[in-house]
Structure formats: structure tokens, C-alpha cells
Amino acid sequence: MSMGIKWLLVALCIWASSDSLVSTTSSDGLIRIGLKKRSLDLKSINAARITSREVFQPRGHGDTNGNFNDLNADIVYLKNYRDTQYYGEISIGTPRQSFTVVFDTGSSNLWVPSSKCIFSIACYTHSKYRARLSHTYTKIGMHCKIPFGSGFISGFFSQDNVKVGDFLIKDQEFVEVTREGFLTFLATEFDGVLGLGFQDTAARLVTPVWYNMFVQRHISQQIFSFWLNRDPTAKLGGEIVFGGIDWRHFRGDHTYVPLTRRGYWQIEVGDILIENYSTGLCKGGCAAIVDSGTSLLAGPTTIVTQINHAIGAAGVVSLECKAVVFNYGNMIWEYLIEGIRPEIVCVDLGLCFYNGSRYVSTGIASMVQNRTWEGSSVDESAFCTFCEMIVFWIQVQLKQEKTKEKVFKYVNELCERLPNPMGKSFINCDNIAAMPYVSFTIGNKSFPLSPEQYTLKVEESCATVCLSGFIALDVPPPQGPLWVLGDIFLGAYHTVFDFGNLRIGFAKAA
């Protein structure tokens, strides 16, 4: 699946202080990791995607809930970073080195920053794996680049013990990252990513962590389930259960549908309804990837336009331009004053790179390989383009001997005049209660989302800004039309990923 990535990076506030994560063991023998919350601002909204030795006898794809009561199961509690980032804690090595990771059904490798990551600023803001401190470490050393959108992370493979919840997975291969995308990972609350995708799509065909849970007999069936708590004020952000289901977090039976594409958590969805009105395009069926590493809901422009029109959404590309001014304007000003060549300013800032013939975008990394949907109204190249435009605008003003204050006032006014393509959009917070339900048809059953479920509230200074949870993603046939059902959908519906029977199940979250 070849797709670029879209990211919203609007940085207007300062990071809040953070506390450590706390682990506790409950009376049922399952490890529960206590996770704290942080408030969300526009800076951090997106800073936001197998071979076993035993195979269970499949059940029919039309089944509702199977009997998972007797499973050995382990629970990892997740932190909800105000509905845009859900992540939990793991440890690597002996003695243990702790990391916070996104559990991502859209990718397959485990990766964390390496102590050898010295040239990426983002590595200095996160925990780093130190191989020399672990006596269970085994060197592999094979270098790799893992595509993330039109960019990549790079590093090398190592092997060590990995602890997830109460499970110790021995001799797990993972990636020590030595280069990260500057913009994306500098603004994230998590250190790395634990892929829950298929071995077929893993770099170097490495066996994923959750495969090894089964191979090493930590779990008796090849399933895991997600519950995401969409209440931003709750202490518990959610949970992922490996090998079982937490019955407290859903109501009724799960509706199971078969996977439709090898190597992906991909299903088929039918018509999408606004209230009771058909949007048309998916009446005959559309592909949909269920992706815990994506915050939003992405789908064909034809449908998303109808939805955003119905809810009165407006574009936000001017804020993305202003974000570059806010974060890099002073550095751009100083570079130009010091006489640094304008064409290399954005390269030095990490927004563009030189490919041997011209300067292009660095490619802002995502949690999922080859994504286009993660939140921005423009693709990554726009951040490079914004930077280059701002450099040019400041140059012009400097030649006119304007003061710094007047220059930045002018540049922000130019940002406001940029056209707004389809993408993440503002809505009026006062109108949420009156907005329509949007329903997805899955397995001939309707799965409605309320306005409160498909919108995001963002705290900015003393104000609250509301955003539509729908963004446009256009994938041509035969792979498309395609939907990506991200955390907004998983927050509304408890989700079971059943690899043993190659199916996914949804039930109303409780």
C-alpha cells in the first residue's frame, strides 16, 4: 500500500510537566500499569501503522462472541494523551530499561531510540536503549530503514528480552533507532512503537512481539483486544489485552467480520450514512484498515466532504503555516541576519533535505508505514514549502528594512491568506450537540458515531477549539476506495483482533 502521510503540527503552547508511570499488580494476577494524563494543546495534537508454531481451529466468520473465558491473558493499561495518543509502558533488557510505546496495528516492528542516536534532536527528549547495560543483549547489527510515509526512521537490529505487562518475551528482535523525523517525534509523548501488524509486512520479516507471546506460550490463543477510554478526564486511558478480552469494557456481542487482505488488519465496510442519508460511494463496499496507530477517521474525499459540510467544518492550513512561523520564525530570522544562504535555512532546521539535485521535505514520520491520513490538511512536503515561503517573505521584508515585529505581523497575515485544502478542520464547539450521527455499515450492521465521539476538543490558552475527526484520504482502485478506522472508532467500539481466525470483532464500548 503506497501512501504518503499527512500530519497536523500546530505548536502554540509549552509542554506541561510530566510524572512517572506506576505499575501495580491486581488481585486477578494481571499486571496493571497506572498511567497519568496530560492536557492537549494545538502543539501536541498529532505529535498524531507472523508466524506461530501452533494454529487453532478456525470458527466461522459469522460468529459473534467466541468463548475466551479460559484464556491466559495479560493486560497492559494505556495512557490517553487527550484522545490523540494512546500508549503504555514496556521494558527491554536485563536489568530492565523502560519505554513508553504506541501499540500500533498498522505496523509490525518494535523500535525504540538507541543510545547511538546522537544526530536526531528528538532522541534527546525520549528514553534511549543502552545495549551495554543489558547482560541479555545480543548484537545483530543489520542496518535498516523503515518507511514511515514519504520519510523513514533508520537504525539497526538488536536482540534482547522484552517485558510487556506481566509477560517476558525472550530473544525478541527489535530496531534501535539512530535517526528519527525531527518534527514528529520531538512533539510526541511516547518513545517508540510496538507493531501489532503481520510478519508479512515487518522489516526483515522479523517475528512481531505479539507473535512471540504465542510462540513462547504466554497466551493460548492468537487474539488481542483494545479498549480506549475517550473520557479525557479519566485516570485510565484504556487497555490492550493479549490473549483475551476484558468483559468489563463492552456491552452485548461482538460482530465479527473476516479480513479481506493478507498481511493487514483490513476489512470491508458498506455504506456510510449521515443521519439516515447515504453518502453513496461505499454502497457496494469499500476497504477499511483498522488502525490503532492513527488518531482520526480517514476516507474518500467524496464522503468526507459531505460529512464536513454537514457539520460545518472549516480548513486549518493557515494554522499549519503559522506553526512554522511560531516554532522556527526566530531561527529563520537569525539565520538570514547572519547571512546564511536562504536555500539551506530549512535544511538546517530539519524541515527539508537535499537529495543531490534539489531540496525536498524530510518526510514527517508516522506510527504507520506509508500513511497519508494522520491528521494534516497537507502532506509533509507542505512543511518544507511553508518554511521556504516564510524564508522568502522574510527576505523581501528585510530588503525593505522593516522591523522584526512588522515582518512577523506581515508573514502571519500571508499565512492567513493561504487557501485551505481538504483536511483536518475546525468546527464550532457550540454546535456539537446539534450535529448529525455518522454511521458505518460493517457486517450488515450499523455502527453509529455520535458528534461527541467524532470530534476532538483541543485546549489552547484559555479557550477550547473543536476539530472534526474526519480527514480526506484518496486511494485509487484496486486498493481503494479506502477508509482508515483510527482511535476515534476504536474509542466507540471495543475491538478484538483475532489472528487465529483472521477476523476482527466490534462491540459497543462500555
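Buried means under 20% relative accessible area. The exercises below apply this cut-off to a predicted model.

**Exercise 1. Is Cys352 buried or exposed, and which cysteine is its disulfide partner?**

Step 1. Take the accessibility. Cys352 has a relative accessible area of 3%.
Step 2. Apply the cut-off. Buried means under 20%, so Cys352 is buried.
Step 3. Find the partner. Cys352 forms a disulfide with Cys384, and the sulfur atoms lie 2.0 Å apart.
Step 4. Cys352 sits in strand 20 (residues 352-354) and Cys384 in helix 6, so the bond links distant parts of the chain, 32 residues apart.
Step 5. Check the partner. Cys384 is at 3% relative accessibility, so Cys384 is buried.

**Exercise 2. What is the handedness of the Cys352 and Cys384 disulfide?**

Step 1. Read the torsion about the S-S bond. For Cys352 and Cys384 the value is about 115 degrees.
Step 2. Assign the hand. The torsion is about 115 degrees, so this disulfide is right-handed.

**Exercise 3. Describe the disulfide between Cys346 and Cys387**.

Step 1. Take the distance. S to S is 2.0 Å for Cys346 and Cys387.
Step 2. Locate the ends. Cys346 belongs to helix 5 (residues 342-348) and Cys387 to helix 6 (residues 381-399). The two cysteines are 41 residues apart, and the pair links distant parts of the chain.
Step 3. Assign the hand. The S-S torsion is about -95 degrees, so the Cys346 and Cys387 bond is left-handed.
Step 4. Cys346 is buried at 3% relative accessibility. Cys387 is buried at 0%.

**Exercise 4. Which cysteine does Cys282 bond to, and what is the hand of that disulfide?**

Step 1. Find the partner. Cys282 is joined to Cys286, S to S 2.1 Å.
Step 2. Cys282 has a relative accessible area of 0% and is buried. Cys286 is buried too, at 3%.
Step 3. The model's disulfide count is five.

**Exercise 5. How do strand 23 and strand 24 run, and how many bridges join them?**

Step 1. Locate the strands. Strand 23 covers residues 438-442, and strand 24 covers residues 445-449.
Step 2. Pick out a facing pair. Ile442 stands opposite Lys445 in strand 24.
Step 3. Examine the turn. Strand 23 and strand 24 form a hairpin with two residues between them. Gly443, in the turn, has a positive phi of about 60 degrees.

Technical notes: Residues numbered from 1 in each chain as written. Predicted model: local features only at pLDDT ≥ 70, side-chain atom pairs only at ≥ 80, totals over all residues. Heavy atoms only, no water. Pairing = 2+ DSSP bridges. Helix = DSSP H or I, 4+ residues; strand = E, 2+ residues; numbered from the N terminus. Disulfide = S-S within 2.5 Å. Buried < 20%, exposed > 50% of the residue type's maximum accessible area, 1.4 Å probe, protein only.
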